[in-house]
Amino acid sequence: MQAPSIISVKNLVKSYGDFVAVKGINFEVYEGEIFGLLGPNGAGKSTTLEIIETLRPKTSGEIIVNGLNLDDSPEEIKKIIGVQLQTSGFYPNLNLTELIHLFVGLYQSDVDPSTLLKKVNLEDKAKAKYKEMSGGQKQRFSIATTLINRPKIIFLDEPTTGLDPQARRNLWDLIKEIRNNGTTVIITTHYMDEAEILCDRVAIVDSGNIIAINTPNALIDELVATGFEKEKEVKKANLEDVFINLTGKEWRAES
Ligand code: ADP
Ligand code: MG
């Protein structure tokens, strides 16, 4: 049975001056899914997310989040969503526990820092300064901070960009775990392999339009049904598989 819709976007338009960045898009996100917005740089993904997150004004259109209209109830919406800050948004000299205390105060949450750090496999970094962490650890930490207010929905804008293969896989596991615990996830990425593995459904965005929306499998089947075939026969493994097989994909201190 189809899960109910938790986000509904209708005819969303966003103009920056004369430039129309988002051109009347429509989509639904279902409760409990990982929904991917895919597309090249400049497609309008971040603009769309930031509008739903109530951080950017829209030009026109209607957005409903968990039954709340964004025009009427932005403050109510803020309470039930978790938004990932850019990694540059954290005080570099505070340790992870201190940073979580800051957020806990901000959200008046009762989340325990060590439980939260454990969730993202950073419990042994509780006293480490933010600036001392690797890229993958910073991303895991910033995902942890989205969970502080126990949100129904979290928004992750390119959480794996620039990470090494292990750190990417660790984040996939973490994001799936968050979804399995009942949180709806909206994620942007321009890695198609990642979207195929991670996302329950994806929307492909190009120049401000959604040009396809479905499960990754259905989109692939549609393409194959047109007679499309890859030019080369695909090997059973690729170089990334070699790399992961040689270096291991378990959690690592430095990833
Ligand atoms: P994406 O996240 O898909 O890479 P963005 O939503 O960041 O795309 O940007 C979509 C388009 O809108 C781009 O052409 C970008 O240059 C433009 N844009 C984004 N933010 C602004 C802004 N504040 N002022 C003017 N143009 C912007
Ligand atoms: Mg972006």
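Predicted model: local features only at pLDDT ≥ 70, side-chain atom pairs only at ≥ 80, totals over all residues.
Local features need pLDDT of at least 70 and side-chain atom pairs 80 or more, while totals for chains, interfaces and linings use all residues. Residues are numbered from 1 along each chain as written, chains are lettered from A and ligands numbered from 1 in written order, and side-chain values use heavy atoms, without hydrogens and water.

Q: Which element gives the largest share of the shell around ligand 1?
A: The shell includes Tyr16, Phe19, Lys45, Ser46 and Arg56; a residue is near if one of its heavy atoms lies within 4 Å. Strand S2 (19–30) and helix H1 (45–52) each give two or more residues. Helices (H or I, at least four residues) and strands (E, at least two) are DSSP runs, numbered from the N terminus. The largest share, three residues, comes from H1.

Q: How far is the polar side-chain atom of lysine 45 from an oxygen atom of ligand 1?
A: A polar contact here is a pair of N or O atoms within 3.5 Å. A backbone N or O atom of alanine 43 lies 3.1 Å from a ligand oxygen. The side chain of serine 46 places an N or O atom 2.8 Å from a ligand oxygen. For the polar side-chain atom of lysine 45, the distance is 2.8 Å.

Q: How much of the accessible area of ligand 1 does the protein cover?
A: Accessible areas come from the Shrake-Rupley method with a 1.4 Å probe. On its own, ligand 1 has 560 Å² of accessible area. The protein covers 61%.

Q: Which residue of S8 stands opposite glycine 36?
A: Strands pair if DSSP finds at least two bridges between them. S3 (residues 34–38) runs parallel to S8 (residues 184–189), joined by five bridges. S3 also pairs in the parallel sense with S9 (residues 201–206), over four bridges. In S8, glycine 36 faces isoleucine 187.

Q: Why is glycine 61 classed as partly exposed?
A: Glycine 61 lies in strand S4 (residues 60–65). Glycine 61 touches Lys10, Asn11 and Leu12, leaving out residues up to four places away in sequence; contact means heavy atoms within 4.5 Å. The class is partly exposed because the relative accessible area of glycine 61 is 27%.

Definitions and conventions
Polar contact = N/O pair within 3.5 Å; in protein donor to acceptor, adjacent residues only side chain to side chain. Buried < 20%, exposed > 50% of the residue type's maximum accessible area, 1.4 Å probe, protein only.
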